[in-house]
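Here's a quick walk through the inside of this protein, with an eye on its rings and its greasy patches. Have the model open as you read.

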Amino acid sequence: MRKKWMISTMVAALMLTAGTGVYAGAKLQEVKAYLNSSIQLKYNGTFVQPRDEKGNAVLPLTYNGTTYLPVRAVADIVGVAVSYNPETYTVELGEKAEGVAIAKGFENMYYTKDPKETTYQGKDYKEAYFDNASGKRSSSFMLFPKGKYQKLVLQVAAVGEDIDNFFIEDSENNVKLKTEKVAVSDGLKTIEVDIAGVNELFIYADVLNNGAMFVPLTTSYYK
């Protein structure tokens, strides 16, 4: 019974903004528990306050002598991605078993399905970000992982000219997560970065006038 209750509590902690219909098929069992304001939480020796996704403070629950912590709040504190699959009633922590292509929901003026622009070194990637600079010196786009993923695996190629300044930034906190140089000779370069807890990503590159940046959206993915 404790295990079922703990899973239900995790679901409740994760799905704070969901409607009650989400739980229609869940195996919920009502129990009597207590919000325990006397419990304090330390992480790496420092006191921390668990909070929900809206920034509100949340308290541990005590039931039958066991204390339960809200899974989303704890995951945020320790830097582990967390999400909930309502179809299987599964809390997912850390990396996904399978990658999720960034093509899903991608929007940008340089998004293309044109085979002339989605093909790189003889392979057609079907969907791509392709910016040939057109006289400007910067190229950028946004991604929105919304804190659901642990890692971003991004493939990028410099076409025509090397890219001396390429970076991936947590745009909400203005923190650069990865800085790279991308040379034409690198071919399709794979860049991995930890994005646990990150909601918005800013991808930026200095692209010379005769160069271009190519990012295949079908083989770049979240995990």
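A residue is called buried here when its relative accessible area is under 20%. Keep in mind that this is a predicted model.

Let's begin with strand E19 (residues 212-216). This strand is mostly covered, with five of its five residues buried. In a regular strand the side chains alternate between the two faces of the sheet. In E19, Ala212, Phe214 and Pro216 point one way, while Met213 and Val215 point the other way.

Who are the neighbours of E19? E12 pairs with E19 in the antiparallel sense over four bridges, and Tyr129 stands opposite Val215. E14 also pairs with E19 in the antiparallel sense, over three bridges; there, Ala157 has Phe214 as its bridge partner.

Now for the rings. How many aromatic pairs does a search of the whole structure find? The count is 11. Two of them are set out here:

| Pair | Centre to centre | Angle between planes | Arrangement |
|---|---|---|---|
| Phe106 and Tyr129 | 6.4 Å | 80° | edge-to-face |
| Tyr120 and Phe214 | 5.3 Å | 15° | stacked |

Phe106 sits in the loop between strand E8 (100-101) and strand E9 (111-112), and Tyr129 in strand E12 (residues 128-131), so their pair ties together parts that are 23 residues apart in sequence. Both of these residues, Phe106 and Tyr129, are buried. Tyr120 belongs to strand E10 (residues 119-120) and Phe214 to E19, so this pair ties together parts that are 94 residues apart in sequence. Tyr120 and Phe214 are both buried too.

Ring pairs also join Phe106, Tyr110, Tyr111, Tyr129 and Phe141 into a cluster. Elsewhere on the ring theme, Lys176 lies over the face of Phe167, at 4.2 Å from the ring centre.

On to the greasy parts. The largest nonpolar core has 28 residues, and Leu143, Leu152, Phe166, Ile168 and Met213 have the most contacts inside it. Several strands each supply at least two residues of this core, including E13 (138-143), E15 (163-170) and E19. Which strand gives the most to this core? That's E14, with four residues.

Another core, of seven residues, lies apart from the largest one, with Ala128, Phe130, Ala157 and Phe214 among its members.

Notes:
Residues are numbered from 1 along each chain as its sequence is written. This is a predicted model: local features need pLDDT of at least 70, side-chain atom pairs count only at pLDDT 80 or more; totals for chains, interfaces and linings use all residues. Side-chain values use heavy atoms; hydrogens and water are left out. Rings of Phe, Tyr and Trp (its six-membered ring) pair if their centres lie within 6.5 Å; planes under 30 degrees apart count as stacked, over 60 as edge-to-face and the rest as tilted. Buried means under 20% relative accessible area, exposed over 50%, partly exposed in between (1.4 Å probe, protein chains only). A charge sits over a ring if NZ of Lys or CZ of Arg is within 6 Å of the ring centre and within 35 degrees of the ring normal. A nonpolar core is a set of buried Ala, Val, Leu, Ile, Met, Phe, Trp, Tyr and Cys residues joined through side-chain atoms within 4.5 Å. Two strands pair if DSSP finds at least two bridges between them.
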